[in-house]
Amino acid sequence: MARDPDPEPAAALARAALSALRRRRYDAPRGLYGRRRLNRFVYATLWPHANAWAASVAVGALEPGLLPSPVAAAASLAFYRAGRAERPAGLDSSVVPPLGRGGTRYYDDNAWIALAALRHAAVTPEPALVRLAGELADFVASGWAENPALARPGGIFWREVPEQRGRNTCANAPAAALFAALGLLGDVAAGTFAARVYAWTRDALCTSAGLYADRIDPDGRREETIWSYNQGAMVGAGVLLAELTGEAAYLNDAVGTAQAALARYEDVEHLAAEPPAFAAVFFRNLFALGARRADPRYAACARSWIAAVARTQLSPGGLVGAGDQVNATAAFAEVAALLAGAPPGP
């Protein structure tokens, strides 16, 4: 997919958003994002941290001086890693003591972090980032629900705790993408597992319209809400599996989902009403598909979304949104960077 004919306005928006995020929501010595309250930082949870990392890589690919050190980026994750003895070791959803209380481990959060690590490694080759992604993938795989008592056995749970053990598209789609990406790096077992996760997700969660429902509960009831990031993540998984296997069916699936999603979000205000981080996942994967099957509507939709968010959510200080400004500002920076020509990725 070609970038904008005049990428500089988008590049300027990306730089400005990332600069505002680092200036106002970043604790540089620790490499953590958050918000200062009185004399201390309250740190962001792992999901915003993953999106801020993805945004830093996207903007840094355009302007290398803004690319974080891969060593420092990996080191910041130690603040989310509790000293558990069990393996595989995943990351907590919140920073652990003494900076915070830690929290439940989510399989989707760990997949998003691992994907950000692989995108960083693609821009700045660093074996430690690939090893990190592999370690987190082991934890994600441990969430596979091979339990015959479940409706539609299989799939990866959303989180580790026994309550609300739904198997969500937001856990399985990025997991399929993660394992496919590792397969492309030579991990044959990961590539095989990617195909298994992808097939389960299509079977259990794909609707008749070619879009993906939110989750399936243990009793088989399905939450039918359609979120943009679920569509994007399955598009990205299909793109990577097509590259890994050479099977056109995966790419055809991705195109079908992208077309159905574009029809849904033709009115960009509908997309702008979702959390901006959802839109960032949607567009990073649409652009990855566009690099293989060009479609000018992907960039057109992204431009419309940037304009809508800038009009309604961009503050004079450069941050986006009124709530989770780390997640929202990172999303805005990443989509602007994609429009300016940053390399897309899942």
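**Exercise 1.** Which residue's side chain does the side chain of Arg284 join in a polar contact of 2.8 Å?

*Solution.* The model is predicted, so that local features need pLDDT of at least 70 and side-chain atom pairs count only at pLDDT 80 or more, while totals for chains, interfaces and linings use all residues. Residues are numbered from 1 along each chain as its sequence is written, and side-chain values use heavy atoms, with hydrogens and water left out.

Begin by locating Arg284 in helix H11 (residues 276-290), a helix being a DSSP run of H or I with at least four residues, numbered from the N terminus. The partner at 2.8 Å is the side chain of Glu334, where a polar contact is a pair of N or O atoms within 3.5 Å, one able to donate a hydrogen and the other to accept it, and residues adjacent in sequence count only if both atoms are side-chain atoms. Glu334 itself lies in helix H13 (residues 325-339). A further polar contact, of 3.2 Å, links the side chains of Arg284 and Asn51.

**Exercise 2.** Is Glu334 buried or exposed?

*Solution.* Glu334 has a relative accessible area of 1% and is therefore buried, the class being under 20%, with exposed over 50% and partly exposed in between (1.4 Å probe, protein chains only). Arg284, at 3% relative accessibility, also counts as buried. Next, list contacts (heavy atoms within 4.5 Å): leaving aside neighbours within four places in sequence, Glu334 touches Ala54, Ala55, Ala58, Arg119, Ala280 and Arg284.

How values were computed:
Helix = DSSP H or I, 4+ residues; strand = E, 2+ residues; numbered from the N terminus.
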